[in-house]
Amino acid sequence: MSKLVVLNLGKGDLHKGFPDVTVQLGLINDPRAMEFRGSLPPAPEISQLYRNWQILYSALYRHYGWWIRLEIEDSDITNFSELEFNDLCQQLSSRINIWLNSEQFRKIDQKLRTQLNPNEEICFIIATSDSLLRRLPWHLWSFFEDYPNAEVALSLLEPQRPNKIYTQEKKVKILAVFGNHQGIDISKDKYLLEKLSNQAQINFLIEPQRKELSNELWGKGWNILFFAGHSSSQERGVLQINQTTTITLDNLKHGLKKAIESGLHLAIFNSCDGLGLAEALEDLHIPQVIVMREPVPDLVAQEFLKHFLGEFSSGQSLYSALREARKRLEGIEDKYPCATWLPVICQNPLSAPMIWQSHRKMIATKSVLVILLASLLITSLVMGVRYGGYLQTSELQAFDHFTQLRSQLVTEKPDERILIITIDEADIQYQDKKGMQRQWSLSDQALAQLLDKLNKYQPRTIGLDIHRNKIVDPKYPDLATHFQQDNRLFLVCKVATTDDDGDSDGIPPPVGVSRERLSFSDFVADDEDIVRRQLLHLTPSPKSLCTTEYAFSLQLALHYLDKEGKTSSDRKDGYLQIGNVVFKQLNEHTSGYQKVNASGYQILLNYRSLDSVEKIAEQVSLRDVLDENIPLESVQLLKDRIIMIGLSAPTNTIDYWKTPFSSNAKPKQKQTPGVFVQAQMLSQILSAVLDHRPLLWWWSGWMEALWIWGWSLVGGITAWYYSKSSHLGLAVIVTLLTVFGLCFGIFTLAGWVPFIPSVLALLATQVMVISWFRRSHLRKRKQLNFDRD
């Protein structure tokens, strides 16, 4: 059940009132259950109205001579009309609602309404030991008009949990007892039960002897006990099991106890006046009993049983099945007044309502197949769409968000092996004031002075990230010497491209620099010039003016690592290995990259988690180095370090790039000078080899497919489990947060696993499974209605 409400009326009666009324919302004895308290005033007029109603009800049925499953005693009333009877019904309904709308009880009613959803299924139990209160038609309370999926049940004041041995049978086991049926027609009851033979194991006892009935109760682990014949509530429940034997349920107490312990979950008495029978069984702690409150005509009993068995065996809950069957009796109330008042469940609140076992297993098997097929279909569709590259944009955006979030939660230190000498607008103006003849941003004079000054600081490696395709000015022979002989100095050129960017043939290297110290400065960028990949090696086009094969960051790293005893090698599988670290090459289909241009040797760029990309290393301006205005701690950093020289002046370079951090950056900070991106790439190689900082990794295609399929299954299972619950929305949110949490958690460990495809598969499978079950349920309901008609 979705919700359980127990209205405990406590001690009291309609003449004195009920001073201690409690309502529990949730399971009894559950600390999470909500409890409200109130009271109900005396209402003696209800008692008198109901007695009058009983008299007229009996007289009406006797007058028309309808078959009744209990002989009705003659009454003194001979002159009455159906109009008078209907008026009495209205009066009783009105008085019950006035009583339950009293000021003392109104607060309970209001609190209940704030906690309950009108669309959810509700088991509303009235707990009382007062025999008259148990007979009242509680379903007439206006509360149940606002909550149409609620059904009333009855309970004792102090229920106890039964000791049951649950058995998992392939079929529901029913013991069907047909007692004395003289004057009534029970053949239709037997026919309706026989129709369930493919779903249930049924044993029919026709007018059995007491010993025969007792032996069956002790025997075979029945799930349902069914009785049809003459019965009454006199002496706490009386059954006429054959034409000569009348017994009370107390006479079968030990057999019934044994049956309940062995799995008897539900007793159905499709006979007259069964509240006394229910009370006797409640004392034995049976989970549920279905009885008729009053004498019941044959046709009413047969119609109820037909609709109830049809609903219950088709998968409806016990309460839903009874509610639907009871309401269906409305169609014959023109001939059988108050037929909808008669059926009622007596429920032990400490036991879960019975579920039709074989149907549950059948539904479970079908549900598993539906979920498996739906998940496989959705996973295949998602993987196909992904393989076509249609999810690449969203997956790369998710990659960027993960990178940004990681930098907020995990902070790394700048790389102390690197120092960047920047050239900004102030440095350009500095050169002009000094009369230096600039070629674009950096004059030969400034560069010659810079290299001479750096020489005394003894850096291990120097990288100039500025294109210099002009001949060195003869005025500065020391600069030409540096270019030709300084093995620590690495310079860049630009390879030919196929893009119409004005440099389609590339930019040539400086004259006099050996090939071993040349590298390309090219980046591979995604849409919107966002750099997420690092190019380590490529084969230049024959027409290119730049013919070097190695990236600037790789050349600097290899030179630095050589003195650390870390050399590079090519493995048999073609992957680059430096020291013990293997740099796994991207291919056309790598995680979120699908149908990407993977030419050359590319790896994923694992940006350092910093407040800004530009904080990758300490920075010193060109003018400070030339004027020797370097702080002492920065001078110490220059020794045996990698010095990178590059532009940071936006008006003097087009070497500006976006990074995964650009979406959250301020407008002026959305692009990053290339030298800082190069430093990130250099730091990635050094940190992986020397610090064991992980490179970004990804799964193989079949592992990603299994991961996506797993979340598709989770989506299908949650949709199946919560298909009729208002908690489905919460379940969807929880599963989405779980996917996000796991994907991001793995990302913090340098793993890039599918997030967007997993979310799509999860949601799409949920939608498909919910739609299928709802259509299936609708078809089933239509078929049931067709069969009944």
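1. L377 is partly exposed, at a relative accessible area of 43%; buried means under 20%, exposed over 50% and partly exposed in between, with a 1.4 Å probe and protein chains only. The residue belongs to helix α12 (residues 357-387). Helices (H or I, at least four residues) and strands (E, at least two) are DSSP runs, numbered from the N terminus.

2. This is a predicted model, in which local features need pLDDT of at least 70 and side-chain atom pairs count only at pLDDT 80 or more, while totals for chains, interfaces and linings use all residues. Residues are numbered from 1 along each chain as its sequence is written, and side-chain values use heavy atoms, leaving out hydrogens and water.

3. The chain contains 23 helices and 29 strands. Of its 789 residues, 55% count as buried.

4. The largest nonpolar core comprises 124 residues, and W99, F269 and F308 have the most contacts inside it. Such a core is a set of buried Ala, Val, Leu, Ile, Met, Phe, Trp, Tyr and Cys residues joined through side-chain atoms within 4.5 Å. Helix α1 (residues 44-64) supplies the largest share of this core, eight residues.

5. A second, separate core has 68 residues, including C546, L586, I642 and A761.

6. Leaving aside residues up to four places away in sequence, F308 touches I268, I290, L318, A321, L322 and A325; contact means heavy atoms within 4.5 Å. Among contacts in the chain with a separation of 6 or more, 76% join residues 24 or more positions apart.
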